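Hi,

Here is the structure I said I would pass on.

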Amino acid sequence: MREKLQIAGRVFQSRLIFGTGGFTSLQVMGDALKETGAEMVTVAMRRVDPMAGGSILEVIDEAGCDILPNTAGCFTAADAVFTARMAREALGTEWIKLEVIGDDRTLLPDGPELLAAAEQLVDEGFIVLPYCNDDPILAKRLEQLGCAAVMPLGSPIGSGAGIRNPYNLAIIVESAGVPVILDAGIGTASDAAVAMELGCDAVLVASSISRAKDPVRMARAMRMAVESGRLAHEAGRIPRRLYAEASSPTEGLAQT
Amino acid sequence: MMLNLNGQVRRVPQDSSIPDLLAILGFEGGRGVAVAVDGEVIPRSIWDGFDVTDGMRVEVLRAVQGG
């Protein structure tokens, strides 16, 4: 029996979390979502004209997915906490993907603000999934505050640069007592597979699907990559060696 | 009365309720919408009876694509 992803007591069949940003239409988003098999889907909270281009919630409901609101775009703990409270009221969920970023150019998390926001939201009963740097100490601190998972980045949001520091990620995975969800930086299927092979419990995929030339096809590639990577992790890879190790018998060779 | 509605100072009819303000902004007020007044989230269950007064800062957010 294969172990399933479990976050805060909720069991997931899929290890892919679907980010909804960047799709050109809700139709394409919905088709891609179904192709990934994801069961949890992110949304953002904004001051926008309502129902512009249809309702994203209807598309998510139709796919039977849970909603994971985020605090994207927040630069301070106070803004993130406020946005989380608004999301809880709007969507009736305690789950929050906590993002507190440090600047516009890198969109990298601001560690001190992130810790402050996480502590407050955990106190208020939220199920907090923080987007964090690939820093094993920060990840541990977030876990100790009561976060339900940690979401280290592979590389900056939307960069498609893959996993820049697999060694740090391996340390985070090894020491984590909560699920590790690779968030941000995935560019193509092999990046998602690498994350899973490193032992991440799940990956969040957004731009790499939504901004692909063919998002629906990339969605399928991502689903297969996550499954392949997880299987390879469970199967246990062979060690990397400097020199060859023959796979054919070394005895009984022909003589001339 | 004058309100700050989603960052813009606007004149709205006296005694406007939160549902009235949502209508002014074009929001239908269904699922996926949240309202805060002066930084405090106002639960949907008390939108109708909430007393909006001159000078208040009203924030309305909606779930959109992102993340």
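Let's start where the two chains meet: 33 residues of chain A are in contact with 26 residues of chain B. Bear in mind that this is a predicted model. Between them, chain A and chain B bury about 2,400 Å², and 58% of that is on carbon and sulfur atoms.

On the polar side, 14 residue pairs are in polar contact between chain A and chain B, with both residues at pLDDT 80 or more. As for what chain A brings to the side that touches chain B, at least two residues each come from helix 1 (26-36), strand 4 (40-46), helix 2 (56-62) and helix 3 (77-91). Helix 3 of chain A has the largest share, with 6 residues. Sorted by type, that side of chain A has 19 nonpolar, 8 polar and 6 charged residues.

The rule also finds 2 salt bridges across the interface of chain A and chain B. In a salt bridge between R47(A) and E59(B), the closest N and O atoms are 2.6 Å apart.

There is strand pairing between the chains too. Strand 4 of chain A pairs with strand 5 (residues 57-64) of chain B in the antiparallel sense, over 3 bridges. In that strand 5 of chain B, A63(B) is the residue that stands opposite M45(A).

Now for salt bridges in general: the count over all chains comes to 16. Inside chain A, the side chains of D66(A) and R10(A) meet in one, at 2.7 Å from N to O. D66(A) sits in strand 5 (residues 66-69) of chain A and R10(A) in strand 2 (residues 10-12) of chain A, so this pair ties together parts that are 56 residues apart in sequence. D66(A) is partly exposed at 30% relative accessible area, and R10(A) also counts as partly exposed, at 25%.

Another one joins E234(A) and R230(A), at 3.1 Å from N to O. Both lie in helix 9 (residues 215-235) of chain A, 4 residues apart, which is about one turn of the helix. Here E234(A) is partly exposed, with a relative accessible area of 34%, whereas R230(A) counts as buried at 8%.

Finally, a network of salt bridges links R85(A), R88(A), E94(A) and E124(A). Within it, R88(A) and E94(A) form a salt bridge whose closest N and O atoms are 3.1 Å apart. R88(A) is partly exposed at 24% relative accessible area, and E94(A) counts as partly exposed at 34%.

Cheers

Note on methods
Residues numbered from 1 in each chain as written. Chains lettered and ligands numbered in written order. Predicted model: local features only at pLDDT ≥ 70, side-chain atom pairs only at ≥ 80, totals over all residues. Heavy atoms only, no water. Contact = heavy atoms within 4.5 Å. Buried area = accessible area lost by both parts, 1.4 Å probe. Salt bridge = Lys/Arg side-chain N within 4 Å of Asp/Glu carboxyl O. Polar contact = N/O pair within 3.5 Å; in protein donor to acceptor, adjacent residues only side chain to side chain. Nonpolar A, V, L, I, M, F, W, Y, C, P; charged D, E, K, R; others polar. Pairing = 2+ DSSP bridges. Buried < 20%, exposed > 50% of the residue type's maximum accessible area, 1.4 Å probe, protein only.
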